[in-house]
Amino acid sequence: MLSKEKLLPEPIKGLKENPFLDSYVIEFLDLPSNFKEADLRKGLIRNMKDFILEVGKDFTFIDEEYRVQVGGSDYKIDLLFFHRGLQCLVAFELKIGEFKPEYISKMDFYLEALDRQKKLQELINMPLLEDGEADD
C-alpha cells in the first residue's frame, strides 16, 4: 500500500528506496487458526526482535495500545514506533481479514490526534492486515 507513490508521505517520496513494503511475513508468530487482533498484537510484542527485523532495523518500539485523546475520549493505537532514519513516528493498526477503506480513515483520525498531542513534523500509518490486501 505504501509502495504506491500517491500514498507516500512527502519525506519518503524523495528517498531512493521506499523503507516500507506492501507486505511483511509474520509466520514466526505461530498463532492459532482462529486468532483475534489482540492475539496478533500480543504475538508481535512477544516476538518484537523478529518483527523489527522483518519491518526494518531503523524502527524503535515505543508502546502498544498507545493512548490518544480526542474530545475527552481515549483511543488506542495498536503499535507505535519511531523510525530513526525518517525521524518520524510510525503507527501500526492491526486488522484481521480483508482490507476495508474505513481502516484508512481510522488511521488518519489516530494520526491527527497523535499530531495534536506530540506536535510532530511527520507521521506515517501502517495498516497491518492478516490475510488481506491493502489496495485502492
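Q: Is E65 buried, partly exposed or exposed, and why?
A: E65 counts as partly exposed, because its relative accessibility is 30%. Buried means under 20% relative accessible area, exposed means over 50%, and partly exposed is in between, using a 1.4 Å probe and protein chains only.

Q: Before we go on, what am I looking at?
A: It's a predicted model, where local features need pLDDT of at least 70 and side-chain atom pairs count only at pLDDT 80 or more, while totals for chains, interfaces and linings use all residues. Residues are numbered from 1 along each chain as its sequence is written, and side-chain values use heavy atoms, leaving out hydrogens and water.

Q: OK, back to E65. Which side chain does it meet in a salt bridge?
A: R41, at 3.2 Å from N to O. A salt bridge here is a side-chain nitrogen of Lys or Arg within 4 Å of a carboxyl oxygen of Asp or Glu. E65 is in strand β1 and R41 in helix α2 (residues 37-46), so the pair ties together parts 24 residues apart in sequence. Helices (H or I, at least four residues) and strands (E, at least two) are DSSP runs, numbered from the N terminus.

Q: And R41, buried or exposed?
A: R41 counts as buried, because its relative accessibility is 8%.

Q: How many salt bridges does the count come to?
A: Six. Among them, E93 pairs with K95 at 3.3 Å between the closest N and O atoms, and K106 meets E93 at 3.4 Å, N to O. K106 lies in helix α4 (residues 102-118) and E93 in strand β3, so that pair ties together parts 13 residues apart in sequence.

Q: Which residues are linked in a network of salt bridges?
A: E37, E93, K95 and K106.

Q: New topic: which residues of helix α3 are buried?
A: In α3 (residues 48-55), they're M48, F51, I52 and V55. They sit on the same side of α3, because they cover an arc of only 95° around the axis; the arc is that of the directions from the helix axis to the C-beta atoms. K49 and L53 are exposed, on the face turned away from that buried side.

Q: Last one: which strand has the lowest mean pLDDT among the elements?
A: Strand β4 (residues 123-130), at 58, while strand β1 (residues 59-70) has the highest, 90. pLDDT is the predictor's confidence in each residue, from 0 to 100. Where it's low, the predicted coordinates should not be read in detail.
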